[in-house]
Amino acid sequence: MKLRVLIPVVLAAALSFLAEPVRADLSLKKVVVALKPDKNPEQMLQERKTLSEFLGKKLGKPVELIVPLSSSVIIEGFANGTVDLGYLSATDMVNAQKKNAAQILLAGEIDGHNFYQSYWLALKEKPYNKVEDLRGKPVAFASKTSTSGYLIPIYDLKQKGLLTKPDPEEFFGKGNLFYGTGYVSAVERVLNGQAEAAAVSYYVLDKDKHLTVEQRRKLKKVAEQGPVPTHIIAIRSNIPEADRQTLRKALETMNDKENTELRDKVFTSKLVEVDADAHLRVIREALDFLGDAK
């Protein structure tokens, strides 16, 4: 009889333990997390508050969320010790590794894959059905530092034999290149007739994230290229291994069913461990091709 009473008590205690926050002893007095400014400022302000509270409870330490003006500021923060975790594109991650400033902690997983696609978008009424149709046409890139909105589309042209040197004017024509400040700025040039096509991530067209429903209805996919490695949560290189594991476990709890809404708002998708070399291989190849032109 005593045994029957003891078993449920032990089970309840075990479940209670599993539900406890990740509270291993961090050597960090405070954790600083940097996010890239890619959304509405008010929306990011709320997400920053919610995420800092969530991680603070998990870690038992203060968590400060910052939104620097650019990824280069995040990488510099890794190098000088003022940033502990950062949400970066795969291209940013390669640049951070070159400076030995950060390493991959986790990466995104979308529909079971650690990559996604880049799209060329045009107005539906335009006669373009493949990237070859854009030869000599004015086009817009999301920015010159964008992975899906510049690097991969340019590398794809090289792979298809449409570029022999790291100069997109060879294919699109002199004076026909526009560089935006993000996906929306590139698509706006298509919508207002300044460009015939824009290079962006797949989710600009396929997801309700950056454009209005009306804007998306006016657009079509001309071509797609990839793979584009998913975004990364990077960790400062000189953080001790014990802290690294604690931070990883805390972030992985965002994959739990009750936390996925916050996870998807901030990091878009499931967070998983990846092979760093394999994840970044295509980015290194593309950057090698672009060389000093990037």
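So, surface first: the protein chain exposes about 15,000 Å², and carbon and sulfur atoms supply 52% of that. Those areas are Shrake-Rupley with a 1.4 Å probe, and for residues only the protein chains shown count as cover. Bear in mind that this is a predicted model, where local features need pLDDT of at least 70, side-chain atom pairs count only at pLDDT 80 or more, and totals for chains, interfaces and linings use all residues. Residues are numbered from 1 along each chain as its sequence is written, and side-chain values use heavy atoms, with hydrogens and water left out.

How confident is the predictor? The mean pLDDT, its per-residue confidence from 0 to 100, is 89 for the protein chain, and 88% of residues reach 70 or more. Confidence is highest in strand β6 (residues 139–141), at 98, and lowest in helix α1 (residues 2–19), at a mean of 40. Over residues 1–19 the pLDDT is below 50, and this stretch has zero contacts (heavy atoms within 4.5 Å) beyond near neighbours in sequence.

Overall, we've got twelve helices and eleven strands, taken as DSSP runs: H or I of at least four residues, E of at least two, numbered from the N terminus.

Now zoom in on Ser 71, in helix α3 (residues 71–80). Buried or exposed? Ser 71 counts as buried because its relative accessibility is 15%, and the cut-off for buried is under 20% (exposed is over 50%, partly exposed in between, 1.4 Å probe, protein chains only). Leaving aside neighbours within four places in sequence, Ser 71 is in contact with Lys 36, Leu 88 and Asp 92.

Definitions and conventions: pLDDT = per-residue confidence, 0-100.
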